[in-house]
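This briefing concerns one protein model and is written for a reader who has the sequence and coordinates at hand. Please consult the entry below before reading the notes.

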Amino acid sequence: MKFTLSWLKDHLETDASLDEIAETLTDLGLEVEEIINPAARLADFTLGYVTHAEKHPDADRLRVCKVATDEGELQIICGAPNAREGITVVVAKPGVYVPGIDTTIGVGKIRGIESFGMMASEKELELSDEHDGIIELPSGEVGDRFTDWLAEHDPAKVDPIIDIAITPNRPDALGVEGIARDLAARGLGTLKTREIVPVPGDFPCPIAVSIDDDTLDGCPLFAGRVIRGVKNGPSPQWLQDLLRAIGLRPISALVDITNFFTFNQNRPLHVFDAGLVTGALRVHRAAGGEKIMALDDKEYTLTAGMMVISDDTGPESIGGIMGGLATGVTEDTVDVFLESAFWDHVQIALTGRALKVNSDARYRFERGVDPEFTLPGLEHATQMILDLCGGEASEVVVAGAVPDYSRAYKLDTERVKSLVGMDIPESEQRQTLTRLGFRLEGTMAHVPSWRPDVMGEADLVEEVARIASLTKLKGRPLKRLTSGIPDPVMTPAQRRSQIARRTCAALGYNECVTYSFIDQASAALFGGGTDATRLENPISSEMSHMRPALLPGLLQAAARNQARGFMDLALFEVGPAFQGGEPGEQHNLISGLLVGRTGPKDVHGTTRAVDVFDAKADIEAVLNAIGAPAKVQILRGAQGWWHPGRHGRICLGPKKVMGIFGELHPRVLEAMDIKGPAMAFTIWPDEVPMPRKSGANRGALELRDLQAVERDFAFVVDADVEALKLVNAAAGADKALIENVRVFDEFIGGSGGGPVGEGKKSLAITVRLQPTKKTLQEADIEAVAAKIVEKVAKATGGVLRS
């Protein structure tokens, strides 16, 4: 939204400087994006008087001039055809920057004669495109600043231009009057009020207007009048200067007047050439397929439901957006129909977007204009047309009625303190709202019609605080809810997630943050992709379902990296996965992915492909960090996306699964376009038991003062027996005494069977016994050994190897 300082002062009586106004606008929420001040770039130019001029001895088109300035007489060589003795000129002395030629003036020689400055033209000062000669001023004293002379005789050329950003909730600031109202409410001046006197009609309006019943929701009010006998020539210079300053091209008096009201009071208008309108004007819904050539010389095809203004021949205007070229005014226009209407902002926005047409009218109507100013705006514009173009006005014709958007909210003066934290006296609050146009009746504040954004009591508080200035808000510490040491900010679950992230990062993993939405095919690979997790309105086909696990997103990230040459990856993510769309149908996961090799190739050959035991070591490290019990069971039986023989479930029991690790199924890797084997792990942190004792202190260190004993056993079992099954059986022989069991040797017989027999293998384990009450005797050790042999034989059918 652009406007000039003089335009603002047409509505605001103020002595404030440009900088004060700009600073206040930003503080009020109307952020100043740019200030263009022509006077700033012309500040160093002064007036001079040519006392003598003669032809340059070595150039026919140059003249050597003696110019009286505030620093004495200067010799200036000038090539302008009007350079002569006895004229007042604009002088740029050495050191002055000339914007039009992007040059700083210096002392130089021209054809052997020194020149100590320059006499400027309008183009060189960027005042106009005139460059046939230097500026001749009809008056002025030597040494006066040129900007002071312009301010007195041609103020439009040094009128500062202010450009502010308008947020969608402040349509009232799309008019200069609304901006002035905010500044006046702050106390930066007094708002000028103008009484709008209705223009009496001299004759009945020959053009009738109507609104179809099905269109009243989109256009509740349509009014207008005919003004005949107008002269549509160029608009006056002051109006042209205003429009050019804000970037609009003056067209004609009638068009310029409608543009003026659009920016002056946020009241879009339109003028039809009444001589080209056939019959009555009707506001209705398009049937679909109608075509209209608009004022921007583009043809638009209307779809069913769009609002259009038609006469007996067809569409003549796209309602609230742009008029039609067929009935547009020209220099030959004598009779006009001036239209002022109120349009629904949602329907205007839909039509504008569908047709891809932008206009100042659409921009304002889709944000909201003052419905109660529809008829006063028509009267005001009528008077301006009569003043500038002449003619006589008809009676006003009206279809529909002004919609009633009146509303009032209670002004609770104490809420300013509770919501904003500012102490503002009640009298100041009421005065602020009154200056903004609110009507107060007791404690009820009636909202003005030009403020569609005020929709509740909190908005009243916002207005009071905004005008008082939020820069005055002083920071105050919040009162402590409890005494002593405050409770932790993070919940135990959040703390676990933080620890898991740090642990994975310390293990060399890179954290990923992937979308919670994935495609149906990827979701189906991991047990999802059903209608329960399908989105009603996905933003793309690749984000159609909620993810059932974190691994699909990690695998997609790995595939993108591999496609770009990064083959060795360690990725992890902490986040939710979903089994449905209802509350509670989600769970938190910690997942990691290893792809490729353990490191780059080297001469020592230490690098190798990642394997299941890398994933096992990492998941155990993360579980240990988040406080999982040390004694767990590792079982088979994971879901189908894990390799059937190369995975393990870490459990506290058959139904209490804390995590899974292993190699991903080759079928999944092929579908996800992953090259090479991939190891992964997933932890359900909610399944990890919380510690029984909560507190910042660690438990006492337990050291055993009794000697531990280790015994080795070698069992002959069938070749298909899993080592884990044997280890679990041995560990279960005496859970209180056996600290751990580990495999240290495996021997598989050849084709002849060897010493263990065909189809058999030997598994050697070490069992560590840790007594807690007394030193173990040989009999105690033998008793435990017998239990181990018995348990293993029962679970695996194995026998001790002789």
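The model is predicted: local features require pLDDT of at least 70, side-chain atom pairs count only at pLDDT 80 or more, and totals for chains, interfaces and linings use all residues. Residues are numbered from 1 along each chain as its sequence is written, and side-chain values use heavy atoms, with hydrogens and water left out. The protein contains 20 helices and 42 strands; helices (H or I, at least four residues) and strands (E, at least two) are DSSP runs, numbered from the N terminus.

**Overall form**

- The radius of gyration is 43 Å, well over the 28 Å that the globule rule gives for 802 residues, so the protein is more spread out than a compact globule. This radius is taken over C-alpha atoms, and the globule rule is 2.2 Å times the number of residues to the power 0.38.
- The C-alpha trace spans about 130 × 80 × 60 Å along its principal axes.
- Of the 802 residues, 47% are buried. Buried means under 20% relative accessible area, exposed over 50%, and partly exposed in between (1.4 Å probe, protein chains only).
- Among contacts between residues at least 6 apart in sequence, 69% join residues at least 24 apart; contact means heavy atoms within 4.5 Å.

**Helix packing**

- Two packed helices are described by the angle between their axes and the distance between the axes. Axes are lines fitted to C-alpha atoms, for helices over the stretch in contact, and angles run from 0 to 180 degrees between N-to-C directions.
- Helix α6 (residues 237-245) packs with helix α7 (residues 253-264) at about 55 degrees, the axes being 11 Å apart. That angle makes α6 oblique to α7, given that angles under 35 degrees count as roughly parallel, over 145 as roughly antiparallel, 65 to 115 as roughly perpendicular and the rest as oblique.
- The α6 and α7 crossing is left-handed. A crossing is left-handed if the near helix is turned anticlockwise from the far one by less than a right angle, and right-handed if clockwise.
- W238, L239, L242 and L243 of α6 meet D256, I257, N259 and F260 of α7. By class, this contact of α6 with α7 has 6 nonpolar, 1 polar and 1 charged residues. Ala, Val, Leu, Ile, Met, Phe, Trp, Tyr, Cys and Pro count as nonpolar, Asp, Glu, Lys and Arg as charged, and the others, Gly among them, as polar.
- The axes of helix α2 (residues 18-27) and helix α5 (residues 176-186) come within 10 Å and cross at roughly 95 degrees, which makes α2 roughly perpendicular to α5.
- From α2, the residues I21, T24, L25 and D27 meet I179, L183 and R186 of α5. The contact of α2 with α5 comprises 4 nonpolar, 1 polar and 2 charged residues.
- Helix α14 (residues 492-506) and helix α17 (residues 612-625) pack at about 145 degrees with their axes 9 Å apart, and their crossing is right-handed.
- The contact joins I499, A500, T503 and C504 of α14 to A621, V622 and A625 of α17. The contact of α14 with α17 has 6 nonpolar, 1 polar and no charged residues.

**Buried strand residues**

- I683, in strand β38 (residues 678-683), is buried with a relative accessible area of 0%. Beyond its neighbours within four places in sequence, I683 contacts N588, L589, I590, I619, V622, L623, I626, M658 and G659.
- The C-alpha atoms of I683 and L589 are 5.7 Å apart, although 94 residues separate the two along the chain.
- E316, in strand β22 (residues 314-318), counts as buried at 5% relative accessibility. Its contacts beyond four places in sequence include F272, I292, D311 and T327.
- E316 and I292 are 24 residues apart in sequence and 7.1 Å apart from C-alpha to C-alpha.

**Loop residues**

- N266, in the loop between α7 and β17 (270-273), has a phi near 55 degrees, a positive value in a residue other than glycine. N266 is buried, with a relative accessible area of 7%.
- K356 also has a positive phi of about 55 degrees although it is not a glycine. K356 lies in the loop between α8 (345-355) and α9 (360-365) and counts as exposed at 72% relative accessibility.
- G112, in the loop between β10 (108-110) and β11 (113-115), counts as exposed at 59% relative accessibility. The C-alpha atoms of G112 and P57, 55 residues apart along the chain, are separated by 9.5 Å.
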